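Subject: Structure handover and findings

Dear colleague,

Please find below the sequence and structure that I am handing over to you.

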Amino acid sequence: MRKLWLWVILLMSFAPTQAQTQPITLTLAAYAVPREAYAKIIPLFQADWLRQTGQEVIFEESYLASGAQSRAVVGGFAADVVALSHEQHVTNIVNAGLITADWQDNPYNGMVSASVAVLVVRPGNPREIFDWADIAQPGIEVITPDPATSGGAQWNVMGAYGAAYRGQVEGYEAGEAGALQFITDVFINVSVMDADGRESFLTFERGIGDVAITYENEYFAGLAAGGEYEIIYPSSTILIENPVAVVDVYVDQNGTREVAEAFVAFLYTPEAQAAFAESGFRPPVIQIDPDIDVTPEVEPTPEATAEGETQFPVIEDLFTIEDFGGWEVVVPSIFGDDGIYTRMIAEVKGQ
Amino acid sequence: MMQTRTLTTLNTSRTPQMIFWGVRWSALIYLSVLIALPLIVISVEGLRGGIWSFWDSITRPAALSAIFISVWTAALMTVINMIMGTLTAYVLVQYRFPGKRWLDSLIDLPFAIPTLVTGVMLILLYGPQTPIGGWIEDQFGMRIVFSSPGIVLALLFLGYPFVIRAVQPVLASLDIHQQEAAYTLGASSWLTFRRIVFPAILPAMITGGLLSFARALGEFGSIVIVSGNIPMRSQTAAVYIYGQVESGNLAAASSVSLVLMAIALLTTLLVDYLARRRTAHA
Amino acid sequence: MRKFVLIGLVLSYAGVLLLAPMLALVINLLEYGLDTIWAAITTPEALLALRLSLILALCSVMINTVMGVLIAWVLVRHQFWGKRFFNAVVDLPFVVSPVIVGYVLIVLFGRQGWLSGFPVQLAFSTAGMLLVTVFVSLPFVIREVMPVLAAITPEQEEAAFTLGASHTLTFRRILLPILWPSILYGIVLTLARSLGEFGAAAVAGGGVQGVTETATIYVYRALQDRNDVGAYSIAVILGLMAVGILILMNWLRPQEGKKHVD
């Protein structure tokens, strides 16, 4: 017995020296939704890095709501790489002085995956919902997360708001007044606002609501998990883009810059993008051309493809947050303490 | 051996003083650091923008209604549990029946079970896809989970032991003979209860009720799962605070926390006062 | 007659309120079959989460027991300015929203926090999680010990003193036996509260899988990942621990009624 212990101790003390190089630990702080995608990508990257450098990479992964993750990193959570749902959350880290390099300096503007805001309904679409206008009808129960806590919810609100603003929602005038009227009518119908996007969709899965405003990838993830519902693509909706960045101050502190940058670069490789596509994410859009092209670069996977359809249909009128001035304008003017949304929700639910 | 003995006897004259001060200061410093530091942070953050911005933060409609919802759901729970808790305590003390021991131990369950698990359990029981939740929604058109009844239900679970554990010992110590005397003297049992038992246990009922009230105000783990989180409708203050923290609005979060704490502190002071009065009377 | 109505009423209320939700959880879990459940419990992440929860709870029990008895002693026996204030604020951890507790830790010890020069890494570490757990479970031992301590007359202690017993000896021989049941009950409550802590630990630790993820955080995340088996099985384990704690409580609960003999 005593001998066995000696052996164990002996082996343990030898183990590190036997390896050629010390393993390196990389901390990834991501938002909750792409967890399945990263579960596939990380082993690929580990193998790749081992092949190239002979070094083992150990991952420490944290998945939280995007805003919480951003705050944690600002507060001292020394993550090497952040993958968030919302550009503003990276901007907060930049403003805290932790990201010093231009993280958007690549053809994709620092965005690693994309999606669109969509509507998801019950099987057979019993409430006959075909576009934005239908979810503002009286008596339709709508589920969407809370924009106060969820970056994803802000995308949803901007999808609805933007479509109406652009005059693409039947029965509502183009422009600010019509858009405000539209989201007002929608939020009258909202019955549950969960803290984040995943939780909100789970509430819908648990049988609450006629329609969920959510992201395309969330629908595909649910489908892969055996969920039964149908996706409705609005004729006009917003392109959701998810940023990824290396946190400069922390990688220099941890001595992980090389591997962190390699990991971020790896996320754009076809293998990694295929994993994203399997989880329902569109590839990021090359942003050199202002005319946005969302044709998928990645072959759709068979299991996620519905009969005859391509995985990522083209949206008739696809717009981006830049059309509204970018998040640095939208966050205060729409979601700020005195923003359009904040005032609207207090009024709608206050009656 | 001999030496250590003399040492201790020698020390007794001097050490008490030192131990006395040491104990007092270590306890008070520990308490101050652990309790006062968070309190200071919350106050400073809440009042950083001046009293007006504090006032602004707490009078914003969503904040005001969140505080209001927290208070009314907690109050409703308190009232129900004061009645059911007292009844339970009464049954536990007065009657013998099979399963009594089981019931008695079951009552502490809410103290022991993580509140997050409570939330999960309630969803599994009353969720719209479960037989019970579906039936209630069909029959009464009422939704339990993801709505305010869910909040009250979670709080009822949470607060159940408080009143019982406060009332039980008082009831047990009541002079049974006093009751019996009143009873044999022709007073109905209801009258006995009202005239003799009730006044004796009322302070304990209130103490237990207020404790559960204070506990319910800050509840988060189960509510975050069970409530619909609709601002102005089913968003409690604790969840509102969470939302404000999440969206980086620490000042608003701290302001509402201060209000919650003030309400809770007043409640505990009231408990303290009632307890003091009770011991003074006894 | 009335007796049975009352008993029936209470039993059904307790049954609906307390038992039914537990049964719902267990039934939902058992539908997955024992093999799946076992596999879900024995994933490294789940085991690490359970281990962290246990370590945090045990450490918090140790700290809160020692300091709790000391504080109770000071609050009962000593007279000093501000005593009533201290007495009132002891309950504060019951009522502060746990999310705020976690956030305060970050404001204090996070990067560029008020006390960021503190030598120990507290924000986003298990040490910080221990600190918030100690905070939220602070009042239990104090509140259990105080009334019992108040009931012991100082004369009893002094009598022991004058008979030549040292302070420690007095404490060990006279006080501890009397206080022990209430200390134990406080310990059990502290243990339960620490095991169940969610909001504060999640914010303070950052929720890194396998590093700062406790069992309750694991349950929350597993639900989000649609890993229902994982969530329900760890929830049931936490529930079973709760039942274990419950049995201990029932054993230890100060039987004030029975003690009421003059």
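Among contacts in chain C between residues at least 6 apart in sequence, what percentage join residues at least 24 apart? The figure is 76%. Please bear in mind throughout that this is a predicted model.

**Chains C and A in outline**

Chain C has 14 helices and zero strands, so its pattern along the sequence is helical because helices and strands are assigned as DSSP runs. The C-alpha atoms of chain C occupy a box of roughly 70 × 65 × 30 Å along the principal axes. Of its 262 residues, 50% count as buried.

In chain A, 51% of the 351 residues are buried. Of the contacts in chain A with a separation of 6 or more, 75% are between residues 24 or more positions apart.

Two helix pairs in chain A may be of interest to you. Two packed helices are described by the angle between their axes and the distance between the axes.

In the pair formed by helix α5 (residues 151–165) and helix α6 (residues 176–188) of chain A, the angle is about 135° and the axes lie 8 Å apart. Angles over 145 degrees would count as roughly antiparallel; α5(A) and α6(A) are therefore oblique to each other. The crossing of α5(A) past α6(A) is right-handed. On the α5(A) side the contact involves A:V157, A:A160, A:Y161, A:A164 and A:Y165. These meet A:E176, A:G178, A:A179, A:F182, A:I183 and A:V186 of α6(A). Sorted by class, the contact of α5(A) with α6(A) holds nine nonpolar residues, one polar and one charged.

Helix α12 (residues 327–335) and helix α13 (residues 340–349) of chain A pack at about 25°, and their axes are 4 Å apart. With that angle, α12(A) and α13(A) are roughly parallel to each other. The residues that make the contact are A:S333, A:I334 and A:F335 from α12(A), together with A:I340, A:Y341 and A:T342 from α13(A). Four of the residues in this contact of α12(A) with α13(A) are nonpolar, two are polar and none is charged.

**Contacts between chains**

Chain C touches both chain B and chain A. Towards chain B, 65 residues of chain C are in contact with 70 residues of chain B. Helix α1 (residues 2–30) of chain C supplies the largest share of the chain C side, with 16 residues. That side of chain C comprises 50 nonpolar, 12 polar and three charged residues.

Between chains A and C, 14 residues of chain A are in contact with 14 residues of chain C. On the chain A side, β2 (57–64) and α7 (197–205) are the elements that give two or more residues. The largest share, five residues, comes from β2(A). By class, the side of chain A that touches chain C has six nonpolar, three polar and five charged residues.

**The largest nonpolar core**

The largest nonpolar core has 281 residues, of which A:V81, A:V82, A:V247, B:V120, C:L105 and C:V219 touch the most other members. Apart from neighbours within four places in sequence, A:V81 is in contact with A:L26, A:L28, A:V244, A:V246, A:A260, A:F263 and A:V264.

Most residues other than glycine have a negative phi. A:N109, however, has a positive phi near 65°. A:N109 sits in the loop between α4 (87–95) and β4 (111–121) of chain A.

The position of C:F124 is in the loop between α6 (98–109) and α7 (126–136) of chain C. With 29 C-beta neighbours inside 10 Å, C:F124 counts as buried.

Helix α7(C) is largely enclosed by the rest of the structure, because 10 of its 11 residues are buried. Among them are C:M129, C:L130, C:L131, C:V132 and C:F135.

Yours sincerely

Key:
Residues numbered from 1 in each chain as written. Chains lettered and ligands numbered in written order. Predicted model: local features only at pLDDT ≥ 70, side-chain atom pairs only at ≥ 80, totals over all residues. Buried ≥ 20, exposed ≤ 12 C-beta atoms within 10 Å, placed from the backbone. Contact = placed C-beta atoms within 7 Å. Axes fitted to C-alpha atoms, helices over the stretch in contact; angles between N-to-C directions. Parallel < 35°, antiparallel > 145°, perpendicular 65-115°, else oblique. Left-handed = near helix turned anticlockwise from the far one by under 90°. Nonpolar A, V, L, I, M, F, W, Y, C, P; charged D, E, K, R; others polar. Core = buried A, V, L, I, M, F, W, Y, C linked by C-beta atoms within 7 Å.
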